[in-house]
Amino acid sequence: MKYKKTIATIAIAAAFGTGIVLADNNTWQGSPNLSHTRSIIDQLGDKLTAQSNKITSLSTQTTTAQNQLTDAQNNVANMQSQLTSLQNQLTQAKDQLTQANNQKQQELQQKQQEIQQKIDEIN
């Protein structure tokens with residue numbers, strides 16, 4: 001009884017295995033199928049090459065953009081430095097102008113006082 005179950009199990013497994021082998025043999029058509037597979041592999045290789053080229057191009061563009069960004073940041077820093085320098089020069093010029101204006105105001109007041117003294121002397 002034990003042997004009959006084992007033989008039956010082997011027979012069923014063999015039938016399924018043979019069915020699978022037969023099914024595989026029915027779909028396998030030899031060389032045309034292999035050439036189709038090679039064609040697919042070649043197409044995928046071409047797509048991989050194209051994508052690699054795109055990645056290389058994008059990497060180059062990224063490097064260029066990063067260099068341009070660095071240059072632009074340096075230009076901004078230089079412009080800020082120049083702006084600060086010009087603001088300092090403007091402040092100094094305003095201070096000098098204010099001092100000169102104050103000095104002229106004092107001279108004018110002195111002249112007005114002298115004129116007033118002369119008027120008083122004449123009167």
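Me: What is the mean pLDDT of the protein chain in this predicted model?
Reply: The mean pLDDT of the protein chain is 85, on a confidence scale that runs from 0 to 100, and 74% of the residues reach 70 or more.

Me: Why is the pair K104 and E107 called a salt bridge?
Reply: The closest N and O atoms of K104 and E107 are 3.6 Å apart, and the cut-off is 4 Å between a side-chain nitrogen of Lys or Arg and a carboxyl oxygen of Asp or Glu, so the pair qualifies. A search of the whole structure finds 1 salt bridge.

Me: How are K104 and E107 placed in helix α2?
Reply: Helix α2 covers residues 31–122, and because K104 and E107 are 3 residues apart within it, about one helical turn separates them.

Me: Why is K104 called exposed, and what makes E107 partly exposed?
Reply: K104 has 54% relative accessibility and therefore counts as exposed, the cut-off being over 50%, whereas E107, at 34%, lies between the 20% and 50% limits and so counts as partly exposed.

How values were computed
Residues numbered from 1 in each chain as written. Predicted model: local features only at pLDDT ≥ 70, side-chain atom pairs only at ≥ 80, totals over all residues. Heavy atoms only, no water. Helix = DSSP H or I, 4+ residues; strand = E, 2+ residues; numbered from the N terminus. Buried < 20%, exposed > 50% of the residue type's maximum accessible area, 1.4 Å probe, protein only.
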